[in-house]
Amino acid sequence: MKKLLILSTVLSLIVSSCSSDDNSKSEAAAIFPKTITYTYPPETQKAMEISAVKYDGNKINSITALNKRTSYTYTGDLITKLEIFERDTKGQEIKIRDASFTYEGKKLKTKIVKIINIDSPSLEYNEKTIYTHLSDELINYITYSVNQNTNVETKTLEGSLIYENDNLVKFQANNASYVYEYDNKNNPLKNVLSLNLLLNEIRENGKNNVFRITSKPSPTSIPAIYNREYTYNDKDYPTKNTSYTNGQWVEFDIEYTY
């Protein structure tokens, strides 16, 4: 009996070790962007912003540019806080946005946002969004502004998020709608743990890359078209993304290093 117990313990340790090794190898093999560079517009270098991305394993830790930093906080495997800081003229960091997230299982339930304005406190506001998951593909949401003094909530936005193949394909906000079309290549941030659970909090985050956005402020308005052109590396991750407004004017360039 004692020999069987020892053998069982040894096997358990071997399985645990192999599982740990597999996870480590999987994280090591995953590809993550190290820098993200925006240029507005590409014709001038004056509006270039280079951001360095830091990770803890497959968890995103921060995205830091010259005068701005976005920080992510995990509770277990879920992102529960996102904070944005800007540097003032003295080089000190000042928090300008604070977002906290709650979940039911691994589905986003609420997002509470506080916008901070030290120079003009009257412009500060709080916002709460409640998500209802009707299925894995259809999510309804309602956004409320929250009075900072009375905590009274006023509905400001209502809409839905429609997903296909882990990509957001349609976003509706009151009467406005946005339709997204995707390629079959890898999104730069697809391997970041739980980032996809934040839904549309992270712009154009999904499994693949958006190559066209059709925006309509109202059902009867003329749509605005935004096209994306990509350059990919040998692993089908984009190294450059150029956005065009209505197929003509360059909106911005994004470059990635891995």
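K107 and D136 form a salt bridge in which the closest N and O atoms are 2.8 Å apart. K107 belongs to strand 7 (residues 107-115), while D136 sits in the loop between strand 8 (125-133) and strand 9 (138-146), so the pair ties together parts that are 29 residues apart in sequence. The structure is a predicted model.

The two partners fall into separate accessibility classes. K107 has a relative accessible area of 36% and is partly exposed. D136, with a relative accessible area of 55%, is exposed, because the exposed class begins over 50%.

## Other salt bridges

The structure holds 16 salt bridges. Among them is the contact between R212 and E181, whose closest N and O atoms are 3.2 Å apart. R212 lies in strand 13 (residues 210-216) and E181 in strand 12, so this pair ties together parts that are 31 residues apart in sequence. R212 is partly exposed, at 29% relative accessibility; E181 is also partly exposed, at 29%.

A further salt bridge joins the side chains of E158 and K155, at 3.0 Å from N to O. E158 has a relative accessible area of 38%, which makes E158 partly exposed. K155 is partly exposed as well, at 49% relative accessibility.

## Strand 11 and its pairing with strand 10

Strand 11 spans residues 167-173 and is mostly covered, with 5 of its 7 residues buried. Strand 10 (residues 153-164) pairs with strand 11 in the antiparallel sense, over 6 bridges. Within this pairing, G159 has A173 of strand 11 as its bridge partner.

Strand 10 and strand 11 form a hairpin with 2 residues between them. N165, in the turn, has a positive phi of about 50°.

## Strand 11 and its pairing with strand 12

Strand 11 also pairs in the antiparallel sense with strand 12 (residues 176-182), here over 4 bridges. A173, the bridge partner of G159, has A176 of strand 12 as a bridge partner too.

The hairpin of strand 11 and strand 12 has 2 residues between the strands. In this hairpin N174 takes a positive phi near 55°. Strand 12 is also the strand that holds E181, the salt-bridge partner of R212 in strand 13.

Methods: Residues numbered from 1 in each chain as written. Predicted model: local features only at pLDDT ≥ 70, side-chain atom pairs only at ≥ 80, totals over all residues. Heavy atoms only, no water. Buried < 20%, exposed > 50% of the residue type's maximum accessible area, 1.4 Å probe, protein only. Pairing = 2+ DSSP bridges. Salt bridge = Lys/Arg side-chain N within 4 Å of Asp/Glu carboxyl O.
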